[in-house]
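This briefing walks through one protein model, from the whole chain down to single residues. Keep the sequence and the structure in view while reading.

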Amino acid sequence: MNILRQIAWLLALVCAAPVAAHPVPYSYVDLTLSDGGVAGKVTVHDADAAYALGLPAPARLRDPAYATAQFAPLAAILAPRIQLPPGERIEWQQIAPAADDNALILRFRVAQAPPAAFVFRAHLFTHDPLHQTFVNVYEQGALRQQWIFGAQAPAKTYYRGTTAGAVEVMKTFIPSGAWHILIGPDHLLFLFALLLLGGGWRQLVRIVTAFTIGHSITLTLAALDIVNPPAAYVEPGIALTIIIVGADNLLRGEGKDLRPWAALAFGLVHGFGFANVLREFGLPQEALGWSLFSFNIGVELGQLSVVLVVAGLLAAIRRRYPAAGKPITIAGSLVVIAAGLYWFVERTMIIPGGN
């Protein structure tokens, strides 16, 4: 019995009232994926099955002969509530009572090989808004993923442990990483602040890559739940890095360019912010390494696209109007500092204590 099933039964025992006759509001679906197709097992409470079938006596379903007689109509009810990738069709095989659990076990198979990105959803008994379906996904002899579906839960995607599965992960998470850089105003402003002083393309790429290395370290640590500081510290910290870089642009002399080191150090803070975004997006545990790698590649590509546009524009202005270089740096840095101060105050006021 797996962990989710143990938790489900424990919750049912704790929450049950002596006068309640309602059964445990849980069902289970076990999926075993292979190149030869999908083998499935559905475990449902006999009271839920009886209600769906319109039968007055759930206990009769514990008789193998009677359960077999109800197999076809029950399968017809459950089949449309198990959503598989397009083109895949369930072939029901058998039913058997599980008398010790007051349950029925239905087995099915899907002859088609599952796609690299296997999309699935199940909500087996719609008459009960509290009913939940626990899903276990197995591949290559091991439990790879577990989901819980309620009435409103969206479909989930399982990425198979194949080359095609890794490609699907990359197709999903590289665009996601690039997109989250492009829609993150604080990260964009931080990059803008780093670019205001200009420099050669090699130097600018080093700055952006140092930022990527920094946030990749903390993003990975947070995604693996090794280090996971609360947003109440991370979000104001990101705003503070913006203020510091803007102020440094105004105060810097003619010494060594320390922007790559600043980008590396401050990237560590920004990485925790990316982790919050990625956590909301959802990390597939069965492909954790590939998803983190792909997300970071996407972030780097997004950053480089920003560098090409912003640094190219600043360089063109400096070439055409040489005297405008310093005023642009000063004005841009003041804007950066003002925005950073605004975000710092806003974030320390709105999310103190992590609220």
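The accessible surface of the protein chain comes to about 17,500 Å², and carbon and sulfur atoms hold 65% of that surface. Areas come from the Shrake-Rupley method with a 1.4 Å probe, and for residues only the protein chains shown count as cover. This is a predicted model: local features need pLDDT of at least 70, side-chain atom pairs count only at pLDDT 80 or more, and totals for chains, interfaces and linings use all residues. Residues are numbered from 1 along each chain as its sequence is written, and side-chain values use heavy atoms, with hydrogens and water left out.

**Whole chain**

- The protein chain has 11 helices and nine strands. These are DSSP runs numbered from the N terminus: helices are H or I with at least four residues, strands are E with at least two.
- Of the 355 residues in the protein chain, 46% are buried. Buried means under 20% relative accessible area, exposed over 50%, and partly exposed in between (1.4 Å probe, protein chains only).
- Among contacts with a separation of 6 or more, 72% join residues 24 or more positions apart. Contact means heavy atoms within 4.5 Å.

- Two strands pair if DSSP finds at least two bridges between them.
- Angles run from 0 to 180 degrees between N-to-C directions, and axes are lines fitted to C-alpha atoms, for helices over the stretch in contact.
- Strands β1 (residues 26-34) and β7 (residues 132-139) run parallel and are joined by eight bridges. Y26 has Q132 of β7 as its bridge partner.

**Three-stranded sheet**

- A further open sheet has three strands in the order β3-β6-β9, with antiparallel pairing.
- Here β3 (82-83) and β9 (156-159) are the edge strands, and each pairs on one side only.
- Four bridges link β6 (residues 117-122) to β9, and the two run antiparallel. A117 has Y159 of β9 as its bridge partner.
- Helix α5 (residues 163-182) lies across β6 and β9, at about 135° to β9.

**Helix pair α6 and α7**

- The axes of α6 (residues 185-195) and α7 (residues 201-223) come within 11 Å and cross at roughly 145°.
- F190, L191, L194 and L195 of α6 make the contact with L204, I207, V208 and F211 of α7.
- By class, this contact has eight nonpolar, no polar and no charged residues.
- Helix α6 is mostly covered, with eight of its 11 residues buried. Among them are D186, H187 and F190.

**Loop residues**

- R60 sits in the loop between α2 and α3 (64-69). R60 counts as partly exposed because its relative accessibility is 48%.
- R60 and D46 are 14 residues apart along the chain, and their C-alpha atoms are separated by 8.9 Å.
- Q70 sits in the loop between α3 and α4. At 15% relative accessibility, Q70 counts as buried.
- Leaving aside residues up to four places away in sequence, Q70 touches L53, L55 and L61.

Definitions and conventions:
Ala, Val, Leu, Ile, Met, Phe, Trp, Tyr, Cys and Pro count as nonpolar, Asp, Glu, Lys and Arg as charged, and the others, Gly among them, as polar.
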